[in-house]
Amino acid sequence: MSGAQKPRLVWFDANRVCAALGVVLIHSTTDFAGQPFAKAAADDRVFPVVLRSIGEFSGSEMFFLFSLFLMAMRVDRKLPAYSVAIGQQATRLLVPFAFWVVFYAFFRLIKADAFGYAPYIWDQIRQPESWLGYFMLGKVQYHMHFLPTLFALFLFYPLMRGATRYPVLGLTVFFTLGVMNNTQGFVWGLDLDPMLRDYVLRVLKILGYVGYGLAAFAMYGLWKDGVPRGESRLIRRGALYFALMAYVATIPFYATAVQTGAWGTREGWVFYGHFLMPIFMFFIFMGGQYLDWSPNWSKLARYTFGVYLVHPLVIDLFDVALYTSGLSDALAPWQIVLLRFAIALPGSFLVAVGLSRLKPLAWTIGLGPNPWEMRKLDKAAGT
């Protein structure tokens, strides 16, 4: 099947948009401390936890698959030298990452001041080891782990390329995730310095997530070879079934959250159900590649990276406004969740669109040249 005959990647863009919706929904379904409304009655936790479970059909791990799928496409079309490819990814990922690390390090003080823990954040900011964790692990905000982890995964792309030629290697994700889960559990049981443990756990996470890279490169290989319309329907049906089974596997995790008001640990099939779900969801959309997708999906998709980066900003401002106004005491958990999501989702897209239209800041969400690239362009234009 030639490249000209392939359906456009609108199905891919639709998947990206749905994943952005899922991430915002996940972070909209907790109390102000990130827990499943620990102080509420168990019955009042049901709705937020159910919404959380729906959001995790397309969680942050899905963004790893997107980025790695696109990496597979880039290196397949034009195989650059390893140093060139990694240098390009460093510019695309780590430069915006550095900006958002500094931004969130101080932006958090707004919520910290409103909720009374600003001294704790100031203590963090004054400690060099905190900044090391911010930049190496993305610990400055709950979602920032994505960028340094993704960059580390890109270092393994020569290994992942084998899955493009032999897609069966994508199945090894089950093995890599299993090893990661088992070894991380062992590390948690050791009497290690907390900071050292964080770094060891991140290394294990990266090694385990290489399986996502193998899966993404394998899925690109399948798509590149061409999947006929009839077989696409078969893929979609099978992926729907496995996504359903993965969701069923996670039910005990969510049931525990309803009962206890705290997020437990994902063990056994709960773990596999959660971490394999992104792959099944990806296949659902790939299996729908011949559907009549609206081009609006592609228009929205260009802002999804920005939505991922800025949505905690919008959520924090909402939480501060709700808490300081006293309305949080008058609203039930389900009302807080729906109101937060109704504001955070369009608000995040609006912020992303706004940044994209500001030439000096568009690069912060991956939609424009960074400052020194702009200077080169300006100099070139001047000559």
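This is a predicted model: local features need pLDDT of at least 70, side-chain atom pairs count only at pLDDT 80 or more; totals for chains, interfaces and linings use all residues.
Local features rest on pLDDT of at least 70 and side-chain atom pairs on pLDDT 80 or more, while totals for chains, interfaces and linings use all residues. Residues are numbered from 1 along each chain as its sequence is written, and side-chain values use heavy atoms, leaving out hydrogens and water.

**View 1. Helix α3 meets helix α12.** Here helix α3 (residues 60-77) packs with helix α12 (residues 268-287) at an angle of about 50 degrees, and their axes are 9 Å apart. Axes are lines fitted to C-alpha atoms, for helices over the stretch in contact, with angles from 0 to 180 degrees between N-to-C directions. This makes α3 oblique to α12 (under 35 degrees counts as roughly parallel, over 145 as roughly antiparallel, 65 to 115 as roughly perpendicular, and the rest as oblique). Helices are DSSP runs of H or I with at least four residues, numbered from the N terminus.

**View 2. The residues where α3 and α12 touch.** From α3 come Glu61, Met62, Leu65, Phe66 and Phe69, and from α12 come His274, Phe275, Pro278, Ile279, Met281, Phe282 and Met286. Contact means heavy atoms within 4.5 Å. Sorted by kind, the residues of this contact are 10 nonpolar, one polar and one charged (Ala, Val, Leu, Ile, Met, Phe, Trp, Tyr, Cys and Pro are nonpolar; Asp, Glu, Lys and Arg are charged; the others, Gly among them, are polar).

**View 3. The rings of Phe69 and Phe282.** The whole structure holds 48 aromatic pairs (rings of Phe, Tyr and Trp, the last by its six-membered ring, with centres within 6.5 Å; planes under 30 degrees apart are stacked, over 60 edge-to-face, the rest tilted). In one of them, the centres of Phe69 and Phe282 are 5.3 Å apart and the planes are at 45 degrees, so the pair is tilted. Phe69 belongs to helix α3 and Phe282 to helix α12, so the pair ties together parts 213 residues apart in sequence. Both Phe69 and Phe282 are buried (under 20% relative accessible area; exposed is over 50%, partly exposed in between, with a 1.4 Å probe and protein chains only).

View 4. Phe146 and Tyr308 form a tilted aromatic pair, 5.1 Å centre to centre with 55 degrees between the planes. Phe146 sits in helix α7 (residues 146-154) and Tyr308 in helix α14 (residues 304-325), 162 residues apart. Phe146 is buried at 2% relative accessible area, and Tyr308 is buried at 3%. Ser67, in helix α3, touches Arg74, Phe146, Leu150 and Phe154, not counting residues up to four places away in sequence.

Definitions and conventions: Helices (H or I, at least four residues) and strands (E, at least two) are DSSP runs, numbered from the N terminus.
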